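Visitor: I would like to learn how to read helix packing and sheet order in a model. Where do we begin?
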Amino acid sequence: MAEAHPVGFQWVMEAKARGAKIIHVDPRFTRTSALAHTHAALRAGSDIAFLGGLVNHVLSNELDFREYVVAYTNAGAILNEDFRDTEDLDGLFSGYDPERKQYDVTSWAYEGADAVPAAGKREEGPRGEQHHGGEGHQSSARAESYGSGGAAIGAKPRIDETLQHPRCVYQVLKRHFARYTPEVVADVCGIPVEQFREIADAVTRNSGRERTTAWVYSVGWTHHTVGAQYIRTASILQTLLGNIGRPGGGILALRGHASIQGSTDIPTLFNLLPGYLPMPHAHQHFGLEEYVATDAGSTGFWGNMRSYAVSLLKAYWGEHAQPHNDFRFDHLPKLTGDHGTYTTVKAQLDGECKGYFLVGENPAVGSANGKMQRLGLANLEWLVVRDLQMIESATFWKDGPEIESGELASTEIGTEVFFLPAAAHTEKDGSFTNTQRLLQWHHKAVEPPGDARSDLWFYYHLGRIIREKLAGSTQPRDLPVQELTWSYPTEGPTADPSADSVLAEINGHGPNGPLSAYTELKDDGSTTCGCWIYCGVRADGHNHAADRTPGSEQDWVASKWAWAWPANRRIIYNRASADPAGKPWSERKKYVYWDEENGRWTGPDVPDFEASKRPDYVPPDGAKAQDALGGAEPFIMQTDGRAWLYVPAGLTDGPLPTHYEPFESPVDNALYRQQDNPARQTLDIASNPYNPSRSSVYPYVFTTYRLTEHHTAGGMSRTLPYLSELQPEFFCEVSPELAAERGLENRGWATIVSARTAIEARVLVTARMKPLRVRGRTIHQVGLPYHWGPNGLSRGDSANDLLSVVMDPNVHIQEAKAATCDIVAGRRPRGRDLLDLVEDYRRRADG
């Protein structure tokens with residue numbers, strides 16, 4: 001966090017100054033480690049074993065916050081008697097199809113409460129693809145649509161509040177994690193037993209009624225074939241300890257950019273609509289009612305999904321969206337499968353994807369398997385690049401590594417590249433949504449230079465021109481574009497659309513003007529809202545994202561600094577900060593609580609609950625949406641109002657996290673016969689070869705990471721002289737022991753080889769990289785910052801060229817933090833000799 005998120009890390013330092021203990025778990029000793037009380041060096045790709053060991057420590061020693069767990073989680077829910085755990089099937093869950101490498105999730109359900117659409121009918125595609133599991137669910141990354149709530153469950157489960165039933169979640173959880181002992185953690189992760197015990201003791205002693213522990217993870221946790229399950233394991237741990245919905249607790253997901261949270265909220269993902277509404281599927285959603293019935297739970301706030309969806313459709317198509325035409329639901333694009341970035345690259349290689357927009361990304365060096373990316377770009381008819389600098393993705397056709405190796409020739413690449421200069425964040429108005437869910441408005445400081453324009457300008461005017469060209473069309477396919485609401489006021493000599501007007505559209509309007517909360521949204525077409533979770537950011541017509549009341553002039557929750565979704569709530573699920581009767585768990589952790597005298601929930605934050613719903617409220621039979629949640633069910637986006645320790649539906653690779661080895665691993669799986677994630681996604685094409693697991697040809701682990709002085713793929717930093725001077729050259733970090741083993745000299749050169757390619761880097765011999773004892777032998781790790789490429793002032797090979805594309809089956813994110821390689825002294829070969837070297841390695845590995 002200090003290395004890659006230094007602005008946010010100031011608050012960690014403030015907490016440390018007030019007595020907080022900081023524990024850093026990372027393969028490398030970094031600037032964060034230097035400021036932490038404890039650094040635990042673990043093997044890249046082994047985090048579930050580490051976190052699972054903590055969960056086992058909590059359960060086996062009965063250190064869970066029992067009252068919280070019984071009242072607020074699904075620990076007592078009884079599971080289907082057909083369910084079989086990895087403990088029964090040696091690393092697999094019940095329902096696995098080895099031919100399709102996918103799960104039928106039916107047996108994972110609660111007893112008597114199957115995960116089915118609210119309409120009561122399991123929706124299936126043409127190949128029997130089930131909505132909450134199976135190929136259709138996985139191929140379109142539909143697990144990601146549960147970003148603000150779990151999958152819909154047909155009924156609330158039967159609960160055993162004693163937690164003794166052998167099939168209740170609590171007992172299944174205990175059995176599942178029982179083998180994750182401190183000794184196993186040491187064997188898998190390389191963390192010594194005593195250090196693990198110290199960390200486990202610190203985490204549990206700092207959790208309960210009086211104290212809370214916070215977990216902070218960075219983007220790297222998602223860069224694994226089990227990335228979603230990494231975060232699930234942390235969620236299980238935090239929920240067992242009562243650290244969710246309470247001040248000082250929670251899980252903070254650090255983001256790689258200032259508004260990555262915003263780009264998933266609004267979003268920029270192929271499988272989501274704004275506010276985590278799932279993108280409709282062509283084989284399931286033939287109308288609005290089917291769409292809502294499939295994905296909306298009948299209970300919890302997702303029960304209002306129709307209001308959220310209709311208000312969005314009204315924002316898109318305005319007066320054209322009417323009840324008689326299903327509010328123009330048919331105008332929405334429909335998924336037919338996976339349209340993620342790596343599938344798109346494959347389509348480029350296959351000649352199916354003809355054109356490509358690159359906006360603020362640089363896949364030629366910033367995505368996994370850079371060669372595959374560049375070969376895809378070379379097979380396009382046209383490419384539009386909008387960026388601040390002439391990045392590698394715009395110049396690959398003349399100076400990419402494949403030009404030097406002879407694999408591509410500039411004169412034979414037919415891709416027409418359009419480079420359009422973009423305005424920087426200081427050169428435009430708008431908002432960032434940060435990792436804390438805060439929408440913070442930034443005002444234009446200076447005008448962009450020359451022809452540089454904002455993203456808002458580009459998309460607005462591109463849309464305007466397309467609409468003008470289609471104005472006279474009678475083709476039905478053009479109607480969605482013709483009927484779009486597209487009337488934003490423009491400002492200044494370059495006719496920039498008003499960013500505030502876009503925020504107003506996102507906030508939404510009703511008959512009486514701007515809306516104040518998502519609870520005001522209607523399903524009859526009387527309200528518009530571009531993103532339901534952002535509704536209220538312009539309540540009363542005021543831009544609350546621009547609120548800037550100094551901390552000295554308000555309380556510690558600081559609700560008058562910017563605006564947090566939803567409803568300016570700073571801690572979500574904060575009803576859990578009080579006990580079932582509505583009383584604070586402790587005075588020390590008092591936050592949101594029931595005021596009996598005034599008949600309302602009160603406290604320094606906006607209650608994450610209807611303010612007047614009594615803690616002893618019992619829903620009447622047949623109650624729907626939020627009215628179906630009791631007064632002691634704080635997890636209001638879940639259909640049962642409880643936190644899920646076990647996931648009965650919605651994930652594609654298991655209802656519980658399980659340690660699997662990275663797809664490319666130097667060791668066997670110590671816990672199960674199943675080596676790697678059985679549902680992981682591979683891209684089996686010639687340009688994406690894999691290293692065989694446990695290969696002596698690729699004996700070392702490598703992991704990629706960020707540096708403070710550079711930013712992601714380098715386009716914003718390698719062109720700046722001061723930053724380039726601070727980190728002037730691509731390098732690799734190796735331990736003194738590995739340096740001795742391979743004859744590497746500090747500040748000399750090393751060649752790092754995988755089945756994809758070989759790259760060269762300056763050698764930094766440092767004790768920050770620590771040899772680890774794993775599975776009875778020494779494992780060495782090579783650290784590679786991924787910021788470099790051939791352009792700019794500071795140049796070098798790209799670490800991401802070494803990576804393959806193998807993905808998490810839930811969200812299609814690549815495994816970039818754990819793979820295998822070889823490392824040898826000296827510079828890499830050039831031209832055809834480089835290809836011969838890589839081919840020789842592949843031949844030896846396959847033999």
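Guide: Begin with handedness: H3 passes H10 in a left-handed crossing. Keep in mind that this is a predicted model.

Visitor: How is a pair of packed helices described?

Guide: Two numbers do it: the angle between the helix axes and the distance between those axes. Here, helix H3 spans residues 47-60 and helix H10 spans residues 227-240. Their axes come within 9 Å and cross at roughly 20 degrees.

Visitor: Are H3 and H10 roughly parallel or oblique to each other?

Guide: Angles under 35 degrees count as roughly parallel. H3 and H10 are therefore roughly parallel to each other.

Visitor: Which residues make the contact of H3 and H10?

Guide: From H3 come Asp47, Ile48, Leu51, Gly52, Leu54, Val55, Val58 and Leu59. H10 supplies Gln229, Tyr230, Thr233, Ala234, Ile236, Leu237 and Leu240. By class, that contact has 11 nonpolar, three polar and one charged residues.

Visitor: Now the second pair. At what angle do the axes of H14 and H16 cross?

Guide: Roughly 50 degrees, with the axes coming within 8 Å. Helix H14 covers residues 341-349, and helix H16 covers residues 370-377. H14 and H16 are therefore oblique to each other. Their crossing is left-handed.

Visitor: Which residues of H14 and H16 make that contact?

Guide: H14 uses Tyr342, Val345, Gln348 and Leu349. H16 uses Met372, Gln373, Leu375, Gly376 and Leu377. Sorted by class, the contact of H14 with H16 has six nonpolar, three polar and no charged residues.

Visitor: On to sheets. What should I look for?

Guide: Strands of a sheet pair through backbone hydrogen bonds, either parallel or antiparallel. Read the strand order, then the sense of pairing.

Visitor: How many bridges join E9 and E10?

Guide: Five, in the parallel sense, with strand E10 at residues 382-387. As an example, Val359 has Arg386 in E10 as its bridge partner.

Visitor: Where can I see the antiparallel case?

Guide: Look at the open sheet of three strands ordered E12-E13-E18. Its edge strands are E12 (430-433) and E18 (563-564), each pairing on one side only. E12 and strand E13 (residues 438-442) pair in the antiparallel sense over four bridges. In E13, Trp441 is the bridge partner of Ser431.

Visitor: Last, domain annotations. Where does UniProt place "Molybdopterin oxidoreductase"?

Guide: The unreviewed UniProt entry gives that domain at residues 4-390 and 420-461. Residues 420-461 are 17% helix and 26% strand, with end C-alpha atoms 14 Å apart.

Visitor: What does the annotation "Molybdopterin dinucleotide-binding" cover?

Guide: Residues 701-818, again according to an unreviewed UniProt entry. Over residues 701-818 the chain is 11% helix and 30% strand. The end C-alpha atoms of this stretch are 7 Å apart.

Definitions and conventions
Residues are numbered from 1 along each chain as its sequence is written. This is a predicted model: local features need pLDDT of at least 70, side-chain atom pairs count only at pLDDT 80 or more; totals for chains, interfaces and linings use all residues. Side-chain values use heavy atoms; hydrogens and water are left out. Axes are lines fitted to C-alpha atoms, for helices over the stretch in contact, and angles run from 0 to 180 degrees between N-to-C directions. Helices (H or I, at least four residues) and strands (E, at least two) are DSSP runs, numbered from the N terminus. Angles under 35 degrees count as roughly parallel, over 145 as roughly antiparallel, 65 to 115 as roughly perpendicular and the rest as oblique. A crossing is left-handed if the near helix is turned anticlockwise from the far one by less than a right angle, and right-handed if clockwise. Contact means heavy atoms within 4.5 Å. Ala, Val, Leu, Ile, Met, Phe, Trp, Tyr, Cys and Pro count as nonpolar, Asp, Glu, Lys and Arg as charged, and the others, Gly among them, as polar. Two strands pair if DSSP finds at least two bridges between them. UniProt positions are given in the numbering used here, feature names are shortened, and annotations may be inferred rather than shown by experiment.
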